[in-house]
Amino acid sequence: MDETDTRYGSVEQEDGGRTRLEFRRTWPDDSDDVWAALTAPDRTPRWIGRYEGERAPGATGTFAMDFEGEGPPEPLTIAECAECHRLVLDFPGSGWRLEVDLVSQRGGTTLIFVQRFDDPAGVPDIATGWHWYLDKLDAEISGGEPPRDWNAFVAEVGPHYGYTPA
């Protein structure tokens, strides 16, 4: 990541009352490598989990998020996919829609991750979780060390989003 990357996401109210969570991360790598870290079956398990299914716009499959062991598979639809540029995923079970855009710029690639919420109550927990996974993605791309201790991570990062563990 470059010096302008704060690692932290922003949470803002949109017109219409929805809450927007946005993260921006920048790497010196080209968009092909960042895209591969986001989507390649041999790389995603190293930072977030496993997708089983066709990989094309409109395709459906299952996704098992890995957090302290593999989670249960959840249905997933690839709503949009423009290789090396944009990926939009719908999780019908939770009602989540994740939008990921890659912007190539001189000297690297910026990832813009967006999730919107009708009810902002869960945002502190979800934002802390996405921060965890994006730090793991950073380690996958840069070769650095991923976060390993959730409790220490929450103590450091959670307060930024207003998250306090139960």
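This is a predicted model: local features need pLDDT of at least 70, side-chain atom pairs count only at pLDDT 80 or more; totals for chains, interfaces and linings use all residues.
Residues are numbered from 1 along each chain as its sequence is written, and side-chain values use heavy atoms, leaving out hydrogens and water.

**α1 against α2**

- The axes of α1 and α2 (lines fitted to C-alpha atoms over the stretch in contact, with angles from 0 to 180 degrees between N-to-C directions) come within 10 Å and cross at roughly 125°.
- α1 and α2 are therefore oblique to each other.
- Asp33, Val34, Ala37 and Leu38 of α1 meet Leu137, Glu140 and Ile141 of α2, where contact means heavy atoms within 4.5 Å.
- Those contact residues split into five nonpolar, no polar and two charged; Ala, Val, Leu, Ile, Met, Phe, Trp, Tyr, Cys and Pro count as nonpolar, Asp, Glu, Lys and Arg as charged, and the others, Gly among them, as polar.

**α2 against α3**

- α2 packs on helix α3 (residues 150-161) at an angle of about 125°, with the axes 9 Å apart.
- On the α2 side, the contact includes Trp132 and Asp135, and on the α3 side it includes Trp150 and Phe153.
- Eight nonpolar, four polar and one charged residue make up the contact of α2 with α3.

**The largest pocket**

- The largest pocket has a volume of about 460 Å³; a pocket is an open set of points on a 1 Å grid over the protein atoms alone, where a 1.4 Å probe fits, with protein on both sides within 12 Å along at least five of seven lines.
- Of the 24 residues lining the largest pocket (those with an atom within 4 Å of a point), Leu38, Thr39, Thr44, Leu87 and Leu89 are the closest to its centre.
- The lining of the largest pocket holds 20 nonpolar, two polar and two charged residues.

**The second largest pocket**

- The second largest pocket contains about 340 Å³ of space, a volume being the space filled by probe spheres set on the points, which are joined across faces, edges and corners.
- Met65, Trp96, Gly129, Trp130 and Tyr133 are the closest to its centre among the 15 lining residues.
- α2 gives the largest share of this lining, six residues; helices here are DSSP runs (H or I, at least four residues), numbered from the N terminus.

How values were computed: Helices (H or I, at least four residues) and strands (E, at least two) are DSSP runs, numbered from the N terminus. Angles under 35 degrees count as roughly parallel, over 145 as roughly antiparallel, 65 to 115 as roughly perpendicular and the rest as oblique.
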